[in-house]
Each structure stands twice: as structure tokens, then as C-alpha cells.
Amino acid sequence: MTLRQLLGTALCAATLVACTPVGPDFVRPNSPVVKQWIEVNSPDASANGLTSRSAPVVRWWQTFNDPTLNKLINEAYAQNLSLQVAGARVLQARAQLGIAFGELYPQSQVLGASAERRQISDNLGPISDIRQIVPLDTEFSTSQVGFDAQWELDVWGAQRRGVQAARSNLALQVANYDDALVTLTGDVAALYINIRSLQEGLGVARENIVLQQQSADLTQLRFNNGVTTELDVQESTALLNNTKAIVPQLETELQQAKNALAVLLGTTPSRMTSLLGNSGRIPSARANVAVGVPAELLRRRPDVRAAELAAATQSAQVGIALADLYPQFILSGAVGLQASGGQNLFSSNSSTGLAGAGVVWNVLNYGRIKNNVRVQDAAYQALIANYQNTVLSAYSEVESAMVAYSEARKQVTFYQRSVEASRRASQIAVDQYRDGIASYSRVLNTQTALLQSESNLIEARQQVSSNLVAIYKGLGGGWQIRQSQEFLPETVLAEMAYRTDWGDLLEQDPTRASLN
């Protein structure tokens, strides 16, 4: 059979592949629908700073107007190693998609050549008898070159489902990368806000130490002059040292926060002081925050997309498992040249060919195959439920962040008034104690209240900014900065290209991958 005839036979058989693949076609699962945010439509909506205006903020951290925060986010995006792990998985999924496409074509393709020389023993009985009658050459050589192929026809769509699964998996890995990027930007901002709040807390503690030291000196002076008792001295000393004990605790928490930030930046803790300085203010954003409408959330949050794509990938696996219930149709063929020693291997008379067709059916394994289908279907159902749960969790996270942000703003107003009153009360108490018209317990109480009020105010301001970060994170903002960018730094891509031939897979845009 000539090569043309073999190809003709393969093309005729390939028409069988046109049938619809077995198994379910993926459809996005139903999920709960929220029409409006609770907090945006609350009676005091005008005061909570939240609006339903649809204006997704991509670089939301820039709303804090803090150059240091912007620099930290940029550095984390460029250097974070966990993000690079997610990026490498995207490249891995690209290559896996290429493998899946390859399964649509002949799965076994072998180009080979051989040459051999053989000599038959003269002392073999039959050979010896024949040679006595007819001269027989017992030494000969053969050579051949050829191409062999075997193709399992995709009659039931298993290979096509495999491509669907690989394509969905690629989109899934992109969504996972985006989710990692959303988490990274949110974590960097939250840690930065925490660091600034700790630095402010240290400043407040040291200011109160100075104030309380002055009061302690006053009690000692009055005790030395016989105006008061030792009780005032001991009470002032106790308060002063309790406040001093706050500083080491805050210093420890500050360094630990810096260390955690260094990991997110992919750098060493020794660089944190130069990046952050020794002091700073808690960043605050603009008053009004556009949160859009709930319907936009399902496409903006990468984790929701990832949950959907995981279900889509598993849906294709159900079809792959179902295809094992049906017979497999296999085409095989070989073309080449073959000649014995002394003959021209490359002449037309040396051509050889083979074509065959076969059917393989695992008829005695139906129990195992059916149960595998059930396994895959159960896994698919679990992922459907996971998608629906992810949607509910997304709504809950945003609502929780919005109410926490709104209430923290109210707390800031109250604590600001408390701090002003506590400062004035502390000043009055010290003046009255100095004049001998008030006991030291009044000074003690007012200075304790001042430190607590100032600490509460710092914490409330931190909560406002942290909850705003949580809102943006819950809305799925930040991942868009990777668009038109590769998933790994250029230096890493260059190293991979030097180590392995990646072709153009290091430069493709995988966002074009779809579920079809």
C-alpha cells in the first residue's frame, strides 16, 4: 500500500471523529444572586463613605496617596516568590495544553532505520542437508528505513474532552495567579498599615512616658517636702513603669511585622528600615469608596473564577471517563524501504507498507469503569457546591468588610473626642494636684485614660484603613496590573529559556483561553 493510500484510509476513518463527545457540556452552575449591598443601602449610607457607583479601582492602593505603599506593592509584584510559584504553574499548564492537543493526532509516531548482517551456522541440521544439494549462502545483510504510526480515533471525544480539560486548567491557573496577586497586594497593604500603627503607638507610648515621668518627679518633690505621702510616689512609679513596659512589646511586634513584610517583598529583613524609615503615619484614603454592584463581583474576583474553572475542568474529566465504556478504534500503518544486501535500498522496488485497523473494548472491566465515572461525577458535584459556596463567601466577605469599615469610621470620631477630653482632663488634674486641691488618684486616672484613649484612636484609624483594604480585596481589585505582563520576571524567563527550549510558550497570552 502506498503512502497516499494509507493517508486516504486514515482520512476516511477520521470522519468517524465528528460525533459529539460523550459526557456533560459545562454550564456555569447556578449561584445565589445579591441585588444590592446592605451597607450601601443602609439609612446612614451617606455617612459611611460607600457608594454603589460602578467604578472598579485597579490600583486601589494609590487611593491612600502614600508613595512608600506604592513602592512596596510594586516591589512585591516584581519579587514575591509565592507569586512566582503561581506563575510557573501557568507556564506548566500551557505546556500541558500542548500535550492535550497532541493527543488529537497519531499518538505513536516513530521514524526509524536499521541495518543488520547475519550469518547462519553451517552445522545446523537442515542447513547442512540443503547445502549438500543446493549451494546456499548462509551469510547475508538487510537494511531498512521507515515511518510507523498508530492512531486511536477520537470517536467518543475523550481526546477532545482532554483538550477542554487542559484549556480550562490553563485558565484556572491564570485565575489562581490573579487570586494570589489580589492576596499579595492586600497583605502588603495590611502589613504596611499595621507597621505604621505600631510606629504611631510607639510614639504615643513615649510621649506618655515623658508626661508620666514629669508627674512622677512632681510626686517625689512633694514627698521630699513633706506635702504628700509615699503612696503618691509609688503609684506614679507603677504607672510609669507599666507604660514603659509597653515599648518592648510594641518594638517586638513592629520587628515581626517588618520581617513578615520582607517575606512578601522577597527580600531580607535588613532592608526594611531603609524602605520604611523609623516613623510614619497610618495611610488614609479618600472619603467615598465606589464598591459597584454585587453582580459585578462574580467576574471580578479571581477566586470565584477559579472555582468555576475547576468545575469546568472536572466536567471534562467525566466525559473522558465515560469514553472508556465504549470501544476504541485504532488505525496503524507503516511505510518505508527495505532491501537485502547488494540491493538498492532507495529504489522504487524497495518500498514496503502496512495498514491495519483494530478495535479494543474493555468489556470485562465495566464495573471498574462505571465506578470511575461515578468517582469523577461526584468530584464534579463537589466542585459545583464549592463554586456556590465560594460565591456566598465572597458576598459575605465584602459585606463584613463594608460594615467594619463603616463602623470603624464612627469609632474614629468618638475616640478623637475622647482623646481631646482626656488630654484636657490630664492637664487639669496635674495642675490641681500641684496646687494641692486634688489627690494624685485623679492624676493617675486621667493619665491612664489618656494613654488608653490615644491607643484606641490609633487602633480605630488602623481598622478604617485595614477594612478599606479588605473591601478592595473582597471586590477582587488589583490583579488587573498583570495584564499585558508575563507571569514571571524577565530574569527568570531568561533562565528557563536558557535551560529548556520553551519555544514561544514563554511569550503567549493565555488570557485568550476559553472553556470551548
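A charge is taken to sit over a ring if NZ of Lys or CZ of Arg is within 6 Å of the ring centre and within 35 degrees of the ring normal. In this predicted model, local features need pLDDT of at least 70 and side-chain atom pairs count only at pLDDT 80 or more, whereas totals for chains, interfaces and linings use all residues. Residues are numbered from 1 along each chain as its sequence is written, and side-chain values use heavy atoms, with hydrogens and water left out.

The charged end of arginine 305 sits over the ring of tryptophan 479, at 4.6 Å from its centre, and the charged end of arginine 222 sits over the ring of tyrosine 433, 4.6 Å from its centre. Tyrosine 433 counts as buried (under 20% relative accessible area, with exposed over 50% and partly exposed in between, for a 1.4 Å probe and protein chains only), since its relative accessibility is 2%.

Five aromatic pairs are found in the whole structure, where rings of Phe, Tyr and Trp (its six-membered ring) pair if their centres lie within 6.5 Å, and planes under 30 degrees apart count as stacked, over 60 as edge-to-face and the rest as tilted. Among them, the rings of tryptophan 60 and tryptophan 61 have centres 5.3 Å apart and planes at 75°, so this pair is edge-to-face. Tryptophan 60 and tryptophan 61 are both buried, and ring pairs link Trp60, Trp61 and Tyr472 into a cluster. The rings of tyrosine 433 and tyrosine 440, with centres 5.2 Å apart and planes at 70°, likewise form an edge-to-face pair, and tyrosine 440, at 1% relative accessibility, counts as buried.
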